[in-house]
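Keep the structure open as you work through them, and try each task before reading its solution.

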Amino acid sequence: MAKETTIQGSAREAELSHLFKEVRDRPSGFRRAARMLRKNRIGIIGALVLLLVAGAAIFAPIIAPHDPDAADITSRLTCPAFTSCPRYGTSETIEGSTNHLLGTDNLGRDILSRLIYGARVSLIVGITAVVLGAAAGSSLGLISGFYGGIADSLIMRVGDIFLAFPYLLLAIAIVAVLGGGLLNVIIVLAIAGWVPYARLVRGSILSAREQEYVTAARAIGVRDSVLLAKHMLPNVLTPIIVYGTFAVAATIIAEAGLSFLGLGVGTKIPTWGNMLSDGRAYISTAWWLATIPGLAIMVTVLSINLIGDWLRDALDPQLRNIE
Amino acid sequence: MATYITRRLLQSLFVIWGVITAVFIITNLTGDPVDLMLGETSSQEDIERLRADLGLDDPLYVQYFRFLGDAVQGDFQESLRFGGFSSMEIVLDRYPRTIALAGCALILSVVFSITLGTIAAVRRGGLIDQGVMLLALFGQAVPNFWLGIMLILVFAVNFGWLPSSGYELSWKYFILPTITLAVAGMARLTRLTRSGMLDVFSADYIRTARAKGLEDRSVVMGHAFKNTAIPLVTVIGLDFGNLLAGAIITEQIFVWNGVGQLLVDSINARDFPVVQAAVFIIAASFVLINLIVDILYTWLDPRIRLS
């Protein structure tokens, strides 16, 4: 009997030791994600394109060939290099110039330079609004899920009211009150987008609340704030990061949409939405004015979505079906 | 099921109340409407008289309850831009155009995405699947205001096949705005249909259906599709709300003259009673559609219906 117990004991030890090694050697979430990125070529393309756009935005003053606001009426509506178009107001055909690789607008401003500066607005608004919305929504979701009761009901019902307004409508309604401008647009898009994070975090916290590690932490007297910040929040970060990535793409489109409607950051700052809106009036004579900024939005959004897909697959395969 | 429907009805009423309250807050944050109505040159006496006439001298809570009462009856005061006309009348006059556009976009989106999503799932990993997924990826990334302009450039300006803008009860006028509005939802729904179908394909009852020798078509249409359709109904409902909001931009591009265009024009003209009425109508429609979808959902799913 004693021998049998010893055999069983050593088998258990071997099993535990094997398990321990497996857990120790298992790559961490981010290492696994990095390994999966190397395998995912489309994800790499997305990341490279986004790096390029971000690099252009950061180093805009260095790489932009012209001042984005410098008007030159003599070279107005020049078509992109290597293409030809009728000279404005005449039937004479002119060639594009390499001095303005992507052509000029109706005031003779360089499209490429405005595009590079426009990337700044898109990325700043997209990322800042999402970070603010995610921070506010996650905090409210934490409170809602952890404390429950009146706080939970209140936050969730207010969330229901926000969800009754489609995203763009809510943004437009708030812009109508606050007015346009860079800061207001960021605030508006953050306010319009906080609810999904609150719901996501609340759901995760509700299930985490029942876990043994939470009971154990409470039993040894860990304070609520420490428990929430150190133990529970890290467990809900993955879905927030994945959702947030897709939200950056949606926010970039929303910002461009607001600018397109004349309710965005204002006409003084070059943005992709403004450029598109201005180009609309010249759609029959200068195709590049509306085409190029739209392509820039699409390529940027596409690259972020590709990164989102990769992050979702790498960090949380269970989320694959939540599209 | 009756309890569930009652609870959803009460929830929807609460949300409608919230929408009206939000609209009231918007009104109060936009400043004194009297300044907008009378302009800078009017005398203090005129301003005070109009404030008293409109009840703006009353305490805020009195104004709130009066606003609530009026809003329930659909009264959002007269338009500042179109004097003499009720804001709600103006909005309701344009509303059928928006609904027609959103409805056409929804039909296009549902028909295409369910067909494409199902084909992609059946041919998983093949060329068709990859093509459909690539299209969906681009569809989700393309901003609808740009797509609309590009469609005008190609089909109206270059080929001259379709009108570039305007609203008339003719299919020609509907094609470009409908495609513009439908594409984003179509892409999302295609991906969802595909992933829903793939999930169902791995279920035991599908394996059983195949094992007993049913043809592929019966398996897909008779068993897999029905089960995929249930969660899709919810998404389609939510999408209709997004289409109503998306119509704001589409109407602007195609000069459609619906509620969306009215809303943007009214914001630019600071005609806030019309802004309130338009925001209320779009949000209330969204709530109502979601309520209908939820009830439909319980009816479609026997597990909920019988519980």
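**Exercise 1.** In this predicted model, work out how helix 5 of chain B and helix 6 of chain B cross.

*Solution.* Start with the two axes: helix 5 (residues 87–122) of chain B and helix 6 (residues 127–141) of chain B come within 8 Å, with a crossing of roughly 140°. Helix 5 of chain B is therefore oblique to helix 6 of chain B. Next, look at the hand: this crossing of helix 5 and helix 6 of chain B is left-handed.

**Exercise 2.** Which residues of helix 5 of chain B and helix 6 of chain B meet?

*Solution.* From helix 5 of chain B come Leu116(B), Ile119(B) and Ala120(B), and they meet Ile128(B), Asp129(B), Val132(B) and Met133(B) of helix 6 of chain B. Sorted by class, the contact has 6 nonpolar, no polar and 1 charged residues.

**Exercise 3.** Now turn to chain A and describe the crossing of helix 5 and helix 8 there.

*Solution.* The axes of helix 5 (residues 111–147) of chain A and helix 8 (residues 182–209) of chain A come within 5 Å, and they cross at roughly 35°. The hand of this crossing is right-handed. In the contact you will find 22 nonpolar, 8 polar and 3 charged residues.

**Exercise 4.** Back in chain B, characterise the contact of helix 7 with helix 8.

*Solution.* First, the geometry: helix 7 (residues 144–158) of chain B and helix 8 (residues 171–201) of chain B have axes that come within 9 Å and cross at roughly 145°. The crossing is right-handed. Then the residues: helix 7 of chain B contributes Leu147(B) and Phe155(B), among others, while helix 8 of chain B contributes residues including Ile179(B) and Val183(B). The contact divides into 9 nonpolar, 3 polar and no charged residues.

How values were computed: Residues are numbered from 1 along each chain as its sequence is written. Chains are lettered from A and ligands numbered from 1 in the order in which they are written. This is a predicted model: local features need pLDDT of at least 70, side-chain atom pairs count only at pLDDT 80 or more; totals for chains, interfaces and linings use all residues. Axes are lines fitted to C-alpha atoms, for helices over the stretch in contact, and angles run from 0 to 180 degrees between N-to-C directions. Helices (H or I, at least four residues) and strands (E, at least two) are DSSP runs, numbered from the N terminus. Angles under 35 degrees count as roughly parallel, over 145 as roughly antiparallel, 65 to 115 as roughly perpendicular and the rest as oblique. A crossing is left-handed if the near helix is turned anticlockwise from the far one by less than a right angle, and right-handed if clockwise. Two residues are in contact if their C-beta atoms, placed from the backbone, lie within 7 Å. Ala, Val, Leu, Ile, Met, Phe, Trp, Tyr, Cys and Pro count as nonpolar, Asp, Glu, Lys and Arg as charged, and the others, Gly among them, as polar.
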